[in-house]
Amino acid sequence: MQSPDRVAVVGAGAVGLTVAADLAANGARVTLFERDAPGAGMTGRAAGICYDAYAEDIDVSVADRAMVRFRSLSGDGAFVFHETPYVFLARTGDDASASALREAVERMQVHGRDVSTVAADELGERFPIQTDDVALAGVAENAGWADPAAYVDLFVERCEDAGVEFRVGDAVSVRSDPPGVAIDDVVTARFDAVVVAAGVHSRRLLADAGHPIALKPYRVQALVGECEYDGPIVYDATDESYLRPHPAGVLAGDGVEPVEADPTDWDVTADDWFVRESLTATSHRTKTTPTVERAWAGLCGATPDRNPLVGAVDDGLYVAAGWHGHGFMWAPAIGELLAGAVLGSADESLPQQFDPCRFDGDESFAVVDGMTLDGDGESREK
Ligand SMILES: Cc1cc2nc3c(=O)[nH]c(=O)nc-3n(C[C@H](O)[C@H](O)[C@H](O)COP(=O)(O)OP(=O)(O)OC[C@H]3O[C@@H](n4cnc5c(N)ncnc54)[C@H](O)[C@@H]3O)c2cc1C
């Protein structure tokens, strides 16, 4: 196969920017189409939490690669990867979460993750968090957080340095056979390859090109609270909420609506109930009294098996979407892997589990978000 020379990337979120930079760094002539501004999609709404606490081979290898790259990028410009342990806990009385947590930690350890179970008193001795109601916790040492806006700035610069042409303000549609990008319905630009990294909009773009994918958007929420907090990242498996330290105090989230959302018509503001409940939970866990600086909603993308859709849907037409709330933390690895696959690099092969054609695109499936410490021991939370 001849390596494509001219490649279009649609979408300048964390994923599109990374793949564009990696393609250009490896010799492709890349045009990046973004209808709004770089990072204006879900990347700009992400909490920026990163970890390798996974129980499945494939997740572990992608997360490992991403974490190594995050660390190598830290200190480049304003981008900083903040090393911070990731605590996931089950509360007293929630026996199902406690036993799922124990099983998940065992499976993470089998995969060589630096993760351990700790009891409430030990957790309280190590971290400045409320542990009175904790039945059992897992602590993953290989974790941290980064500001998604700083990652966007860094990769815009990397793209520019590598010669990527930015077309900002163009809401494009996609063509297949041959691959191309239509700036309006009249003018179609031909490319040797097109990568659709348009987040939750990828389904419509590809459906219009005749390639439906199994992707459902769902709404999630987050807030920043002003307070003094210098503790770990915490995921509470009992109420499925999370928090991390933030320059203003704390960033907290949950508010998942496990139903399909319309990516063209959804409420971008946080719900009152979410702000109220999130503040109460955060205040309790951090032993502080946060006041809301800002709160917001966003969309994540679900797939039937909770693996993303990354790879070719047709000759020269690729997709990278369906992250279940993990698109930021996986972007550094997905960019490398997908750029390698597009360019036909012998060193890179995309995991079969991510093949977007493993589904027909018309499947009916339930939306399952984030980390469910379920019976399979899977850990998939932001
Ligand atoms: C509240 C919240 C918290 C989150 N927390 C985390 C977290 O802690 N860790 C984590 O890993 N993930 C987290 N996520 C998920 C994360 O935000 C996403 O998985 C990630 O940003 C996806 O990146 P992306 O590049 O695929 O998509 P996006 O960032 O959405 O980028 C897609 C881009 O495509 C553009 N686009 C769409 N249609 C077109 C078109 N027709 N033409 C041109 N451009 C187009 C959009 O404008 C957008 O800029 C969170 C999400 C939310 C909402």
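Visitor: What percentage of the accessible surface of the chain belongs to carbon and sulfur atoms?
Guide: The model is a predicted one. Its chain has an accessible surface of about 15,000 Å². The share of that surface belonging to carbon and sulfur atoms is 45%.

Visitor: How many positive and negative side chains does the chain have, and how far apart are the centres of the two sets?
Guide: Lys and Arg count as positive, Asp and Glu as negative. On that basis the chain has 29 positive and 65 negative side chains. The centres of these two sets are separated by 2 Å.

Visitor: What radius of gyration does the chain have, against that of a compact globule with 382 residues?
Guide: The C-alpha trace spans about 60 × 45 × 40 Å along its principal axes. For 382 residues, a compact globule would have a radius of gyration near 21 Å. The value for the chain agrees with this: 20 Å.

Visitor: What share of the contacts with a separation of 6 or more is between residues 24 or more positions apart?
Guide: The chain holds eight helices and 20 strands, and buried residues make up 59% of its 382 residues. Of the contacts with a separation of 6 or more, those between residues 24 or more positions apart account for 73%.

Visitor: How many disulfides does a search of the whole structure find?
Guide: A disulfide needs two cysteine sulfur atoms within 2.5 Å. For Cys 159 the closest cysteine sulfur is in Cys 50, at 19 Å, so the two are too far apart for a bond. Cys 300 also has its closest cysteine sulfur in Cys 50, at 14 Å, which is again too far. The search of the whole structure gives a count of zero.

Visitor: Is Cys 300 buried or exposed?
Guide: Buried means under 20% relative accessible area. Cys 159 has 0% and is therefore buried. Cys 300 has 12%, so its class is buried.

Visitor: Which residue does a cis peptide bond join to Asp 177?
Guide: Omega of this bond is about 5°.

Visitor: Is Pro 179 buried or exposed?
Guide: Pro 179 also sits in the loop between E10 and E11. Leaving aside residues up to four places away in sequence, Pro 179 touches several others, including Arg 190, Phe 191, Asp 315 and Gly 316. Its C-alpha atom is separated by 9.6 Å from that of Val 195, 16 residues apart along the chain. With a relative accessible area of 9%, Pro 179 is buried.

Visitor: Where is Glu 240, and is Glu 240 buried or partly exposed?
Guide: Phi of Glu 240 is near 60°, a positive value in a residue other than glycine. Glu 240 is placed in the loop between strand E15 (233–236) and strand E16 (241–246). Its relative accessible area is 42%, so Glu 240 is partly exposed.

Visitor: What is the relative accessible area of Arg 306?
Guide: Arg 306 has a phi near 70°, a positive value in a residue other than glycine. This residue is in the loop between strand E18 (291–302) and strand E19 (309–314). Arg 306 is buried, because its relative accessible area is 13%.

How values were computed: Residues are numbered from 1 along each chain as its sequence is written. This is a predicted model: local features need pLDDT of at least 70, side-chain atom pairs count only at pLDDT 80 or more; totals for chains, interfaces and linings use all residues. Side-chain values use heavy atoms; hydrogens and water are left out. Helices (H or I, at least four residues) and strands (E, at least two) are DSSP runs, numbered from the N terminus. The radius of gyration is taken over C-alpha atoms; the globule rule is 2.2 Å times the number of residues to the power 0.38. Buried means under 20% relative accessible area, exposed over 50%, partly exposed in between (1.4 Å probe, protein chains only). Contact means heavy atoms within 4.5 Å. Accessible areas come from the Shrake-Rupley method with a 1.4 Å probe; for residues, only the protein chains shown count as cover. The place of a charge is taken as NZ of Lys, CZ of Arg, CG of Asp or CD of Glu.
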